[in-house]
Amino acid sequence: MFDFMKKDPVKKAKKHIEKALREIEEDYPDYASVEYEKAAKLFLEVEHVEFAVKYFREAAYTALEADDHIRASEMKTEAAEALLFDGNFGDAGGLYSEASDHLFREKKSRESLRAIGMAVLCNLAARSFDLSVNLMRKAEKRNGGSKGPRVPLYDLAKISVGTLCEGEEHTVTELEKITNAVKPKACERPLVEFLAASVRLAIETEVLIDWAGPTQEEVQVKRPIEMELRYSCPVPVRVIDVRFALSNSLTFSKEPQIAGGEAREESWLFELNPVLSGGGTVGPFKVTLEGDQVLVHKLSNTVDFRISRAPAELTLDLAPARVSCNLGEEAILDVALRNQGEGPADNIRILISLSEGLELSMGGNEKIVEFLGSSDGIMFQIFVRGISLGEEIITLSVTDSTGGEEIVKSSRIDVG
């Protein structure tokens, strides 16, 4: 019956804001901070979250003008909690991170770790995975490893980042032990439960890269290979983001064509082209899976193999196949060596063998070609002299550094 006598919370909040401005004019930022806080809480009563956050921030800034970092952290935490109420995890994470900085400055290690743990969880929920990893690195440096205080919420953030972002292997038992130790506030509970459920599913989810056919320890350069990306999850999820990772020796000739439907299991084929010889690595692929109240960010395995260079295919032509010359005169033969393979040949050895009635009139009986690229060729001539009458034979044999099959060509020379 007395509701009509109650003042409108918004009007009351405006009164506090006006009073805060007067306190600032009179150089009392600490009093102004209190008035801004009162205004923020009144806005929160009527679920004006945007205004509540604005004046919690003002309360924090004026507290800093009074060099009160503890109060600044409290006000930013209040603002972050208001944003949790509104489901704005990204901005909440930023405020928790700032609150942690203030607390760390004042050597409040435990409170600082809890705040940065909340910042990490918020950014994970907002899918800012890289930022979550960076914040965790910052927290680990501050915590000093195992020497720092044990803060359950920080531990939950650490196992969450490790599982969701860095491919660490954890057990459900380990997760439950940490989660049971966390005592969240009422406003934090939905976020904590959501992340704990996501991490549990991530532990139980498998994202795998495998060969589409038999496992290969070695593949050949420029010969496409087919592989498979697949996942299995206890609940239906859909892929909302994939980040591929390949070594520089590989390129996609056909990427996985990932559809957006929900399923507990799914797989996609993809094709790779080895472009450089040496080592090849596929993965880890970063796959983000989303379902009903579930967010799973998972790293796949990696697949390593060797890439051998493409083979050379040498051809040898010796012409003419039969030629005549007089005793003591020269015969000239044309030699054409070509590489018709997809890969280069090197250290090619050409050996010239002559029957007893012939001798070379120019050059030696061995030639070395250091390198012959794909589709390249060389031509040269051989000059031989007949030194005895009869039917003589010249033979060329070619080998390269790969130790492949020797190529042999011969011509007949009639010395008359």
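The side chains of Glu228 and Arg230 meet in a salt bridge, with N and O 3.1 Å apart. A salt bridge here is a side-chain nitrogen of Lys or Arg within 4 Å of a carboxyl oxygen of Asp or Glu. Side chains of opposite charge can pair when their charged atoms come close. Glu228 counts as buried because its relative accessible area is 18%. Arg230 is partly exposed, at 28%. The cut-offs are these: buried means under 20% relative accessible area, exposed means over 50%, and partly exposed lies in between (1.4 Å probe, protein chains only). Salt bridges that share partners also join Arg127, Arg238, Glu262 and Glu290 into one network.

A word on the source. This is a predicted model, in which local features need pLDDT of at least 70 and side-chain atom pairs count only at pLDDT 80 or more, while totals for chains, interfaces and linings use all residues. Residues are numbered from 1 along each chain as its sequence is written, and side-chain values use heavy atoms, with hydrogens and water left out.

How many salt bridges does the structure hold? The total is 29. One of them links Arg105 with Glu106, where the closest N and O atoms are 3.1 Å apart. Glu106 is partly exposed, at 31% relative accessibility. Another joins the side chains of Glu176 and Arg200, at 2.6 Å from N to O. Glu176 lies in helix H9 (residues 172-181) and Arg200 in helix H10 (residues 189-204), so this pair ties together parts that are 24 residues apart in sequence. Glu176 has 35% relative accessibility, so Glu176 counts as partly exposed. Arg200 is partly exposed too, at 33%. Helices (H or I, at least four residues) and strands (E, at least two) are DSSP runs, numbered from the N terminus.

Now look at another helix. Thr163 sits in helix H8, which spans residues 152-165. Is Thr163 buried or exposed? Thr163 counts as buried, because its relative accessibility is 2%. Which residues does Thr163 touch, leaving aside neighbours within four places in sequence? Its contacts are Glu168, His170, Val199, Ala202, Ile203 and His297. Contact means heavy atoms within 4.5 Å.

Next come the strands. Two strands pair if DSSP finds at least two bridges between them. Follow strand S3, residues 225-243. Six bridges join S3 to strand S1 (residues 206-211), and the two run antiparallel. Here Trp211 stands opposite Met227 in S3. S3 also pairs with strand S5 (residues 263-274), antiparallel, through nine bridges. Glu226 has Glu271 in S5 as its bridge partner. A further antiparallel pairing, with five bridges, joins S3 to strand S7 (residues 286-291). Val239 finds its bridge partner, Leu289, in S7.

Finally, turn to an open sheet. Three strands form this sheet in the order S2-S9-S6, and the pairing is mixed. Which strands are at the edges? They are S2 (218-220) and S6 (278-282), each pairing on one side only. The twist averages 40° from one strand to the next. Such angles run from 0 to 180 degrees between N-to-C directions, and the axes are lines fitted to C-alpha atoms, for helices over the stretch in contact. S6 and strand S9 (residues 303-308) pair in the antiparallel sense over five bridges. Val282 has Val303 in S9 as its bridge partner.
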